[in-house]
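Please look at the complex below before reading on.

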Amino acid sequence: MKDGFIDRFLVVISTALMLTAIYTIFFYAPTEIMMGIVQKIFYFHLPMAFMAFLSYFVAFVCGVLYLIKKDIKWDIIGSASVEIGVVFTTLVLITGSLWARPIWNTWWTWDPRLTTSFILWLIYVAYLILRASVEQVDRRATFCAVMAIVGFIDVPIVFLSARLWRTIHPVVIKSRSIDIEPAMLTTLAISMAAFLLFWLTLLRIRSRVDFTELRIRNLEKIRRGGM
Amino acid sequence: MGLSLVILRKDLLIEIRRKDSVISMIFFGILLLFVMSMAIGIGRKVDPELASGILWISILFSSVLGLGRTFSLEKTNRCIDGLLISPVPPSSVFVAKTSVNFFFMLISEAVIIPVFFALHGDNITIGLAPLLATVLLLNLGFASVGTLFSGITAATRRNEVLLPLLLFPVITPLIAFTVKATGEIFAGVPFGEYSAWLRLMAAFGLIFSCAGYLLFDYVMKEN
């Protein structure tokens with residue numbers, strides 16, 4: 001029951017951190033002069049975008065490991081990661097639109113970052129559809145691993161292709177300096193940490209469901225074999 | 001490489017005798033050209049960029065028909081088992097099937113593109129050599145990703161439905177490069193100004209033909 005303890009611990013910690021983040025976002029971070037209260041959505045938007053990307057990276061690594069080791073464990077973690085990634089990407093697109101409407105005066109524009117997020121969403125929703133269409137466990141794991149790898153190889157190409165249109169997305173974090181008020185940066189850091197722990201919690205719980213399912217299936221197989 | 005040629009020859013021979021893949025691709029492509037001409041309004045003059053979009057939607061959608069058949073052909077009488085126990089390595093099967101799809105697309109394009117020019121050619125410059133380069137590069141990328149995915153979908157319950165759903169999101173960058181390059185060709189822009197798009201298409205084709213070559217091994221073993 002060590003796993004159960006870690007899960008509960010993670011749930012408590014990430015809830016506490018998330019509440020702290022929400023408090024900091026609304027009561028500690030200064031309100032942006034130009035954009036006003038709308039800017040607060042940024043503290044959710046950016047961490048979620050990072051977590052989505054992290055999910056796809058984890059799925060790619062798990063895909064490679066599965067093809068090499070043929071251990072179903074990697075398939076379970078990888079697919080849980082993609083599911084979470086798709087949820088976060090959806091939220092990134094929605095929060096981005098909500099922000100863009102008052103600031104850019106449009107729900108959507110074909111900016112590289114937006115286009116890339118949208119195409120990533122399409123690729124990984126296709127992954128989930130593929131996953132739902134294959135029943136046999138090994139076969140499904142192999143196909144999903146291939147899809148996760150191909151999808152991830154595509155990410156830089158998608159970004160490059162989207163970049164060749166002009167960009168209006170604000171670049172807050174540049175490679176050298178960060179273009180942001182210190183109090184806002186603290187808030188962003190707390191929010192980032194909260195989302196990272198939340199992501200980890202989700203990943204563990206989601207994959208545990210699949211591990212349990214696998215164990216039940218194996219038990220049923222043994223029982224049927226014994227009878 | 002020699003073994004790939006054997007499979008390529010077999011598939012081309014089947015196609016010459018049955019003629020169903022390429023004929024349906026050509027027919028569907030022309031049908032799409034007609035449907036889209038109606039959608040934008042019959043008799044309307046199109047600018048080069050829009051024309052490029054119309055041409056490539058017709059070609060891409062009709063090519064999916066051919067892709068779906070690459071492996072469903074092998075499923076009849078479980079021919080795929082024969083292919084798997086034969087001394088042909090899966091990567092050679094990938095090379096062969098990609099070439100088959102490449103050629104089928106080329107044949108159907110050889111009919112669809114002239115029909116397109118007849119319908120919408122009024123405002124468009126015909127640059128034969130750059131257009132041929134674009135076609136060849138598109139076919140390379142499309143056939144590589146398509147062959148890999150058709151290997152996957154052939155082993156699922158919903159082959160024909162699933163294939164375009166997996167394929168199109170992944171090839172969106174290729175479609176973007178192709179449409180841009182063709183738009184500039186149709187506009188009569190000098191080669192130097194759009195050669196960057198062609199290089200990107202070549203890069204896409206190279207990356208995914210290598211990825212397909214390496215990953216196809218795993219896919220074949222699950223069939």
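Predicted model: local features only at pLDDT ≥ 70, side-chain atom pairs only at ≥ 80, totals over all residues.

For the complex, the predictor reports an ipTM of 0.88 and a pTM of 0.88. Chain B has a mean pLDDT of 89, with 100% of its residues at 70 or more. Within chain B, the lowest confidence falls in helix H4 (residues 79-85) of chain B, where the mean is 80. The highest in chain B belongs to helix H6 (residues 128-153) of chain B, at 94.

Chain A is built from six helices and zero strands. Read from the N terminus, the order of its elements is α-α-α-α-α-α. The C-alpha trace of chain A extends over about 75 × 40 × 30 Å along its principal axes. Chain A has 227 residues, and 37% of them count as buried. Among contacts in chain A with a separation of 6 or more, 81% are between residues 24 or more positions apart.

Leu91(A) lies in helix H3 (residues 72-104) of chain A.

Inside chain A, helix H2 (residues 42-69) and H5(A) form one of the helix pairs. Their axes come within 8 Å and cross at roughly 130°. H2(A) is therefore oblique to H5(A), since an angle has to be over 145 degrees to count as roughly antiparallel. The crossing of H2(A) past H5(A) is left-handed. On the side of H2(A), the contact is made by Tyr56(A), Phe57(A), Ala59(A), Phe60(A), Gly63(A), Val64(A), Tyr66(A) and Leu67(A). H5(A) contributes Ala141(A), Ala145(A), Ala148(A), Ile149(A), Gly151(A) and Phe152(A). By class, the residues of this contact are 12 nonpolar, two polar and no charged.

The next step is the contact between the chains. It takes 23 residues from chain A and 21 residues from chain B. On the chain A side, the elements that give two or more residues are helix H4 (112-133) and H5 of chain A. Which of the elements gives the most to the side of chain A that touches chain B? H5(A) does, with 14 residues. The residues on this side of chain A comprise 16 nonpolar, four polar and three charged.

H5(A) also takes part in a helix pair across the two chains. Helix H5 (residues 137-163) of chain A packs with helix H8 (residues 191-221) of chain B at an angle of about 165°, and their axes are 11 Å apart. H5(A) and H8(B) are therefore roughly antiparallel to each other. H5(A) passes H8(B) in a right-handed crossing. From H5(A), the residues involved are Thr142(A), Val146(A), Ile149(A), Val150(A), Ile153(A) and Ile157(A). They meet Phe204(B), Ile207(B), Ala211(B), Leu215(B), Tyr218(B) and Val219(B) of H8(B). This contact holds 11 nonpolar residues, one polar and no charged. Ile149(A) is listed in the contact of H5(A) with H2(A) and also in the contact of H5(A) with H8(B).

How values were computed. Residues numbered from 1 in each chain as written. Chains lettered and ligands numbered in written order. Axes fitted to C-alpha atoms, helices over the stretch in contact; angles between N-to-C directions. Helix = DSSP H or I, 4+ residues; strand = E, 2+ residues; numbered from the N terminus. Parallel < 35°, antiparallel > 145°, perpendicular 65-115°, else oblique. Left-handed = near helix turned anticlockwise from the far one by under 90°. Contact = placed C-beta atoms within 7 Å. Nonpolar A, V, L, I, M, F, W, Y, C, P; charged D, E, K, R; others polar. Buried ≥ 20, exposed ≤ 12 C-beta atoms within 10 Å, placed from the backbone. pLDDT = per-residue confidence, 0-100.
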